[in-house]
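Have a look at the model, try each task, and then read through the solution.

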Amino acid sequence: MSAPSSLPAAPSRSGLLDGAITIVVLVGLWQALHAYAGDAAIASPLAALRHLSGLAATAGFWSHARATLTAFAAALVISAALGIGLGLVLGLRRFAGEVAEPILAGLYSIPKVTLYPVILLIFGLGLGAKVAFGVIHGVIPITLFTLTAVKGINPVLVRTARAMRLSQAETIRTVLAPAVLPEIVTGLRVGFSLTLLGVLVGEMFASQKGLGFLIVNGISLHNVQQTTAVILMLVIVAVAANGALLWLDRRLFHRT
Amino acid sequence: MTRERAIVLTRIGWIAGFVLLLEAVCRLHLVDPLTLIPPSEMIATLWTMLASGEITGDIARTFATVAVAVVLAVAIGFSLGVAIHALPRIRQGLDPLLASYYAIPTFVFYPLFVAIFGLNSVPLIVLGMAFGVPAMILATLNGLDRVPRVLMRTARAHRLGRLSTLAHVVMPSALPYLLTGVKLALAYAFIGIIAGEFILADAGLGHAIAYAYDGFENRTMYSLMLFVLVVVTGLNMTLHAWEGRLMRRRIRS
């Protein structure tokens, strides 16, 4: 995104102010929606916050949170390793990369939820299915970002590696990986969000544990406060994690 | 040209090989027929289902929902994009929101939408739009940012009014970027709406798949999946080809 060039002064402070104003406006909208739809549909911001602090004191909530976190962490690690590895190899081999890229882009834009029953049939109900579901959401964007980054790399670097007779593994480790690190961080940021999405959708559809289950459960028990509180927590965690990765992203890009 | 053809042929070869592998694995009973059925049987079942008309209702429902969501997402996203582009101060304020929007797992809002709007098509449309509108806003901003300055100056030299500048200069120039937004809005609407139907709905393709899964009707389930995958991939590829042609034309001119 292009930063407006006419406002160069104190970017960090005005950024913070903008963030604060955005949050205030969003909470205002939420309150308005609550006033319009009523208590049966959505809890007010204050009630959600209070319910969330109440939930946080119960052990049951943390066991659900831990279930989600375990599945998410495993899915993210697998997506990242698989995506970066595949992206590096496909980026390095031009022909294979050009063959694979449209296939990957096509897979990226299909509704992967429809594949969920297949995953359930293969892995059965439980942790394995959730992890697999997170991986199929997260691995493709990470692969595509890495692939694009490797393809756009300065050819001098690759030629130097070849002149020094580095093997493919050495080339990847010492030349390619450091050169494409910023784009990999961007890919991880997108992969992070989509992996989380995948794990949560998996829990919403078929699981007895985890935060996604709590959300759907709240609706079927007419406990809207629980649903709103869990959603609030997820949004805060997701935005905070995204902010941290965005910050890392900008730092890496500015270093070079 | 020959290299490009080799790439396309290799790609087709890989996909065909994958399908044949699936077929072979199923025919040789290497996997349980309760887990996976051969692709040829999926096609045959899909054909009978389409011919008998038993899934016509679900297809019509899902496509109508997607169409409404895409039209609304494009219209709203485009208008907001134009408005935000005209107001740099607002744009700066919205920047953090747009940057972190797609980090939020939007699906988690779906049960709330159902609670607010009831169990019908409205929450699905809202969910589809929640995915598509920001993409359309970003695409509009991107397109408007990249209108060449020469063109704007020419428009001013010809004393075009605001509206005619928009109609004759800005829109044609930004069109490829807008089309990217439309493509994303369509893909996201399909993802959001079918997933929503999957989780909680009373009709639609996603619901039909979930229903077939619950009833252990593997043939129906796999045929419906195949249908969704083929239709969505076909639509995406058509729009992708169109977008590529527009982009090339813009670069040439």
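**Exercise 1: Where the chains meet**

Find how many residues of chain A are in contact with chain B, and how many of chain B take part.

Solution. Step one: 54 residues of chain A touch 51 residues of chain B, where contact means heavy atoms within 4.5 Å. Step two: the two chains bury about 4,700 Å² between them, and carbon and sulfur atoms give 78% of that. Buried area is the accessible area (1.4 Å probe) that two parts lose on being put together, summed over both. Step three: the rule finds 1 salt bridge across this interface, with a side-chain nitrogen of Lys or Arg within 4 Å of a carboxyl oxygen of Asp or Glu as the test. A salt bridge joins the side chains of A:Glu98 and B:Arg3 (3.4 Å, N to O).

A word on the ground rules: this is a predicted model, in which local features need pLDDT of at least 70 and side-chain atom pairs count only at pLDDT 80 or more, while totals for chains, interfaces and linings use all residues. Residues are numbered from 1 along each chain as its sequence is written, chains are lettered from A in the order in which they are written, and side-chain values use heavy atoms, leaving out hydrogens and water.

**Exercise 2: Confidence along chain A**

Work out where in chain A confidence is lowest and where it is highest.

Solution. Start with the whole chain: the mean pLDDT (the predictor's confidence in each residue, from 0 to 100) of chain A is 82, and 92% of its residues reach 70 or more. Next, the lowest confidence is in H1(A), at a mean of 77, and the highest is in helix H3 (residues 59-92) of chain A, at 89.

Methods
Helix = DSSP H or I, 4+ residues; strand = E, 2+ residues; numbered from the N terminus.
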